[in-house]
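Work through the following exercises with the sequence and the coordinates open beside you. Each task is followed by a solution that goes step by step.

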Amino acid sequence: MEPKTLANHLSAASIAWRPGIAMALLMGYFVLFGMTVGGQGVLWADIIHTLRISEGAFGSVQLLPPLIAMGLLVLGGPLTVRFGKKRLAITGLIVLGLSSLGLAAASDFLSFSIALALSGLGFGAVEMAMNSATLDWEQQTQRPVMNLMHAGFSGGAVTGAFAAGGLLQTGWIYAHVLWLLAAFCAIALLATLPARYPPAAPTHTTHNGAGAALRLLIDRRALLAFAVLSMFGVVGESVANTWSVIYLRDLGAAAFVGGTAYALFNGTMFVGRLANAPFVARFGARTSLLTSGTLVIIAGLLLIIPDSIPAAVVAFALAGLGVAGVVPTALSEAARHAPGSSGAVTGAIMAVTYLSFVVCAPLIGWIAELVSLQTALLTVALSGIGIVGLARGIAR
């Protein structure tokens, strides 16, 4: 397609789509993503108790979803070019709904593992579609909304955690909560079918072929730095998603207290993401990331106070505030270094980010089994140190 023809095509596509409707749909994905993660985070303690899964085995099998999602994200550039972001979202919603039904029906470790693998495929496809389409939205409208979108994820996680904890407290079993999450996936799917996505900028073919994500990281050191920053940023998120309720239950907290603490983590992350965009605009990405790392370090130190439920609750709240701005800041900053390659940039950053989810769950699970879960949670403070170290190298 000639440049003039391509420009005309994009102009026509821009008229056909509606920014407000597209933004509402994309926000819906982030909220649904958060509700699923938040609900599951509260349900894990009941699931592993019912299925009699040890902490080490549970931590090990938790590497399946991020590992599968990471493989999908590495192919982000060619997948979005070949199939389109809308088809990826539709596929991801279907698979994510099926994974919730699979978790509800799981009766042993094998069926639980298969359902987790499905969730990784669903999460990866939806993550790819919603983040890259949001970058397209930003580039088309020249309005930064990535922090707002990720705040939607956090708000969804708060809702999911509170709802799951409350429903369990009223007598629901975890399978019923998972059925409800699957129903929300179906609603999002129906809303997606008639929708028009934001048009992408002209595609840089060198950034969207096979191996595009890896080439971007190799060719552009700044993107690699943002990818590793993002990876450190989700360590606290990974710990909270998988282990916060389990840890609090180990300390003797009731199911509702564990769910409330997890909701508080996502609540402070929601507030932090809403505040991060104006904070970055005023003080810059470097200051935002340094502040994030410092808060995560403090949270990690609070988690090593022995046998203290209040200290653990405060730690998870601070961790949520600390990790809030890391991933959206990294994505938006990275996109500025590679315009026209939203799929490859999203794939590159998020594939490296998912390494945290791959490594953290089994690492913490086995340290918990061999030493203690509290010792394993030192990884939170270490991730904060990593964020501060890398952020110091970013230009003011």
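**Exercise 1. Confidence**

Over residues 204-210, how many contacts beyond four places in sequence does the model have, and under what value does pLDDT stay?

Solution. The model is predicted, with local features requiring pLDDT of at least 70 and side-chain atom pairs counting only at pLDDT 80 or more, whereas totals for chains, interfaces and linings use all residues. Residues are numbered from 1 along each chain as its sequence is written, and side-chain values use heavy atoms, with hydrogens and water left out. Over residues 204-210, pLDDT (the predictor's confidence in each residue, from 0 to 100) stays under 50, and the model has 20 contacts (heavy atoms within 4.5 Å) beyond four places in sequence for this stretch. Residues 1-14 also have pLDDT under 50 throughout, and for them the model has ten contacts beyond four places in sequence. Confidence in the chain is lowest in helix H1 (residues 3-16), with a mean of 47, and highest in H9, with 96. For the chain, the mean pLDDT is 83, and 87% of the residues reach 70 or more.

**Exercise 2. Overall make-up**

State how many helices and strands the chain has, and what share of its residues is buried.

Solution. Begin with the secondary structure: helices (H or I, at least four residues) and strands (E, at least two) are DSSP runs numbered from the N terminus, and the chain has 18 helices and zero strands. Next, take burial, where buried means under 20% relative accessible area, exposed means over 50%, and partly exposed lies in between (1.4 Å probe, protein chains only). Of the 396 residues in the chain, 57% are buried. The accessible surface, from the Shrake-Rupley method with a 1.4 Å probe and, for residues, with only the protein chains shown as cover, comes to about 15,600 Å², and 69% of it belongs to carbon and sulfur atoms. Finally, of the contacts in the chain with a separation of 6 or more, 86% are between residues 24 or more positions apart.

**Exercise 3. Aromatic pairs**

Find the aromatic pairs, and explain why the pair of Phe33 and Phe123 counts as tilted.

Solution. Rings of Phe, Tyr and Trp (its six-membered ring) pair if their centres lie within 6.5 Å, and planes under 30 degrees apart count as stacked, over 60 as edge-to-face and the rest as tilted. Searching the whole structure gives seven such pairs. In the pair of Phe33 and Phe123, the ring centres are 4.8 Å apart and the planes stand at 45 degrees, so the pair is tilted. Phe33 belongs to helix H2 and Phe123 to helix H7, so the pair ties together parts that are 90 residues apart in sequence. Phe33 is buried, at a relative accessible area of 6%, and Phe123 is buried as well, at 9%. Phe279 and Phe283 form a tilted pair too, with 4.9 Å from centre to centre and 45 degrees between the planes. Both of these residues lie in helix H12 (residues 255-283), four residues apart, about one turn of the helix. Phe279 is partly exposed, at 28%, and Phe283 is partly exposed, at 45%. Ring pairs also link Trp44, Phe58, Phe112 and Trp243 into a cluster.

**Exercise 4. Positive phi**

Solution. As background, most residues other than glycine have a negative phi. Arg52, which is not a glycine, has a positive phi of about 55 degrees, and its place is the loop between helix H2 (19-51) and helix H3 (55-61). At a relative accessibility of 79%, Arg52 counts as exposed. Gln142 likewise has a positive phi, near 60 degrees, and lies in the loop between H7 and helix H8 (146-169). Gln142 counts as exposed, with a relative accessibility of 64%.

**Exercise 5. A buried glycine**

Locate Gly233 and list its contacts beyond four places in sequence.

Solution. Gly233 is in helix H11 (residues 221-250) and counts as buried, at 1% relative accessibility. Apart from its neighbours within four places in sequence, Gly233 is in contact with Val323, Val326 and Ile387. Its C-alpha atom is separated by 8.2 Å from that of Ala324, which is 91 residues apart from Gly233 along the chain.
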